[in-house]
Amino acid sequence: MLPGEPVMVLRNDYERRLFNGDHGIVLNIRDGGSRAFLAAVFPRGKELAVFGIDTLRESIELAYATSVHKAQGSEFDAVAVILPEKDLPLLTREVLYTAVSRAQRSVVVVGSEQMLDLGITRRSERHSGLGEELLKQRA
């Protein structure tokens, strides 16, 4: 990882108060003795939380872009939603809502109006088999 690269936390770390989906940036930091080291820096209210990259390497990944699924629970000032060029079953009203609702200030939707309309009209269908299994248990 290099200074200036955005990172995202992959799993909760209660000791450090870092949580799945938190976003930060890699910076080159100098300690009191002028020794430089790479650190991941995360906003925490009006302050910053700084952690050496080596201590977080297994818990973070680069986050230039992220999936809607990984962005759940996170908020961003601005969001760009990139629609697929061809129809995909995952393009649903619920996914679009989740993507758009991550933005605090602005959203840009990139893609065709046709794909957007298709996604808005398609509802998520879940087939877990639970209903059928419960009916079997009752019989």
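**Surface patch and salt bridges**

M1, L62 and Y64 make a nonpolar surface patch of about 300 Å². Keep in mind that this is a predicted model. M1 sits in the segment before β1, which spans 6–9. M1 counts as partly exposed because its relative accessibility is 30%.

Now to the charged pairs. How many salt bridges does the structure hold? Five. I'll take three of them.

Start with K70 and E61. They form a salt bridge, and their closest N and O atoms are 2.5 Å apart.

Next, R122 and D87. Their side chains meet in a salt bridge, 2.9 Å from N to O. What does this pair tie together? R122 lies in the loop between α4 (113–121) and α5 (130–138). D87 lies in the loop between β6 (76–82) and α3 (93–100). So the pair ties together parts that are 35 residues apart in sequence. R122 is partly exposed, with a relative accessible area of 22%. For D87 the value is 40%, so D87 is also partly exposed.

Last, K136 and E133. This salt bridge has an N to O distance of 3.9 Å. Where do the two residues lie? Both are in helix α5, three residues apart, about one turn of the helix. K136 counts as exposed because its relative accessibility is 57%, the cut-off for exposed being over 50%. E133 has a relative accessible area of 38%, so E133 is partly exposed.

Key. Residues numbered from 1 in each chain as written. Predicted model: local features only at pLDDT ≥ 70, side-chain atom pairs only at ≥ 80, totals over all residues. Heavy atoms only, no water. Patch = residues over 30% accessible without salt bridge, like charges linked within 9 Å, V, L, I, M, F, W, Y side chains within 5 Å. Areas by Shrake-Rupley, 256 points an atom, 1.4 Å probe, with all protein chains shown as cover. Salt bridge = Lys/Arg side-chain N within 4 Å of Asp/Glu carboxyl O. Helix = DSSP H or I, 4+ residues; strand = E, 2+ residues; numbered from the N terminus. Buried < 20%, exposed > 50% of the residue type's maximum accessible area, 1.4 Å probe, protein only.
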